[in-house]
Amino acid sequence: MPEQTKGVWYGVCAYTIWGSFALFFALFQGVPALEILVHRIIWSCVFLAILISGLRRWQPVKDAFASPRQLWRVLGCALLIALNWGVYIYAVETRHVLQASLGYFLTPLVNVALGMVVLREQMGRWQMAAVAIAGFGIALQLLMLGELPWISLVLAFSFGVYGLLRKQIQLDGLSGLFVETLLLLPLGLITFGWLTTSGASNFTRDLPTGSLLMASGVLTAIPLLLFAGAARRLRLATVGFLMYINPTLQFVIALLVFNEPLSPIQLTSFMVIWLALIVYSISSWQGRVRRAV
């Protein structure tokens, strides 16, 4: 199989798993989002440690801990990804998967806006128009429904800022995620101990629940490894196109599996965001064509 074809399959599998996470987290009947997050951190750390040992990739991890300045940035990434994970699990638990989907549709546009504001990157007029259109889509929900889609905004901005910080860290995806979860591990273990001693832990409630909590760590790492394989083999434009599989699957699952209501205002807001993504995608594609010429 050609390397590019392998890359496409890796990317499709990675984004399909991420897009289907709602089905997995919906299995945790009666387990609070905080407890699921704690176990996701703990078992991710355990699984990644085994994986890094098997691949003999400890040197980048040692280098990260030898650089205090870089470690502070990794800690920032860790807190942001924990916030992202926790809010997403809460969204599934409370059946707000449509909002989660909207958040991940917004993420590329948030990345563009952060690049302009924080990194002072030059942005074309069509990219600026895409960001403005997306802002109108969010304002529409605020004005017509009287509430901000806070889950969407937290997911989009936490992942966007995470990506901004992550670009400044010289760590590959596997080592980076391990260091992030390792920094969160003490807090996770303390919370797990508190839940256990207070009798609120669901880990030993029954075998299926305990197994699902442990599996959450493995499922965190697998799509990351697939994504790394895709990123090595594909152009950035292709990877960016495949990215929309994730929120699209979440949108479909929310409607067809969880039967979440979609009001006309929400649908209009989604359509405005999709229009913004079309404008942004065409602008990015035209920019790459001009640079190639």
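**Entry 1: Asn246**

I looked up Asn246 and found its place in helix H12, which spans residues 245-256; helices here are DSSP runs of H or I with at least four residues, strands are runs of E with at least two, and both are numbered from the N terminus. The model is a predicted one, in which local features need pLDDT of at least 70 and side-chain atom pairs count only at pLDDT 80 or more, while totals for chains, interfaces and linings use all residues. Residues are numbered from 1 along each chain as its sequence is written, and side-chain values use heavy atoms, with hydrogens and water left out.

Is Asn246 buried or exposed? I noted a relative accessible area of 9%, so Asn246 is buried (buried means under 20% relative accessible area, exposed over 50%, and partly exposed in between, with a 1.4 Å probe and protein chains only). Its side chain makes a polar contact with the side chain of Gln250 at 2.6 Å; such a contact is a pair of N or O atoms within 3.5 Å, where within protein one must be able to donate a hydrogen and the other to accept it, and residues adjacent in sequence count only if both atoms are side-chain atoms. Not counting residues up to four places away in sequence, Asn246 touches Tyr15, Trp18, Gly19 and Tyr104 (contact means heavy atoms within 4.5 Å).

**Entry 2: Ile253**

I then went to Ile253, which is also placed in helix H12 and counts as buried because its relative accessibility is 6%. Leaving aside neighbours within four places in sequence, I found Ile253 in contact with Gly19, Ser20, Ala22, Leu23 and Phe258. Ile253 and Ala22 are 231 residues apart in sequence, but 7.8 Å apart in space from C-alpha to C-alpha.

**Entry 3: aromatic pairs**

My search of the whole structure found 20 aromatic pairs, where rings of Phe, Tyr and Trp (its six-membered ring) pair if their centres lie within 6.5 Å, and planes under 30 degrees apart count as stacked, over 60 as edge-to-face and the rest as tilted. The rings of Phe25 and Tyr88 have centres 6.2 Å apart and planes at 75°, so I recorded this pair as edge-to-face. The pair links distant parts of the chain, 63 residues apart, with Phe25 in helix H2 (residues 21-25) and Tyr88 in helix H5 (residues 68-93). Both Phe25 and Tyr88 are buried.

For Tyr90 and Trp150 the centres are 5.8 Å apart and the planes at 40°, so that pair is tilted. Tyr90 lies in helix H5 and Trp150 in helix H8 (residues 150-166), 60 residues apart. Tyr90 counts as partly exposed at 33% relative accessibility, and Trp150 counts as partly exposed at 43%.

I also noted one aromatic cluster, whose members include Phe21, Phe25, Tyr88, Tyr104 and Tyr162.

**Entry 4: nonpolar cores**

Which residues have the most contacts inside the largest nonpolar core? They are Phe25 and Tyr88, in a core of 73 residues; a nonpolar core is a set of buried Ala, Val, Leu, Ile, Met, Phe, Trp, Tyr and Cys residues joined through side-chain atoms within 4.5 Å. Helix H5 gives the most to this core, with 13 residues. Not counting residues up to four places away in sequence, Phe25 touches Ile36, Arg40, Tyr88, Ile89 and Val92. I found a second, separate core of five residues, among them Ala230, Leu234, Val239 and Leu242.
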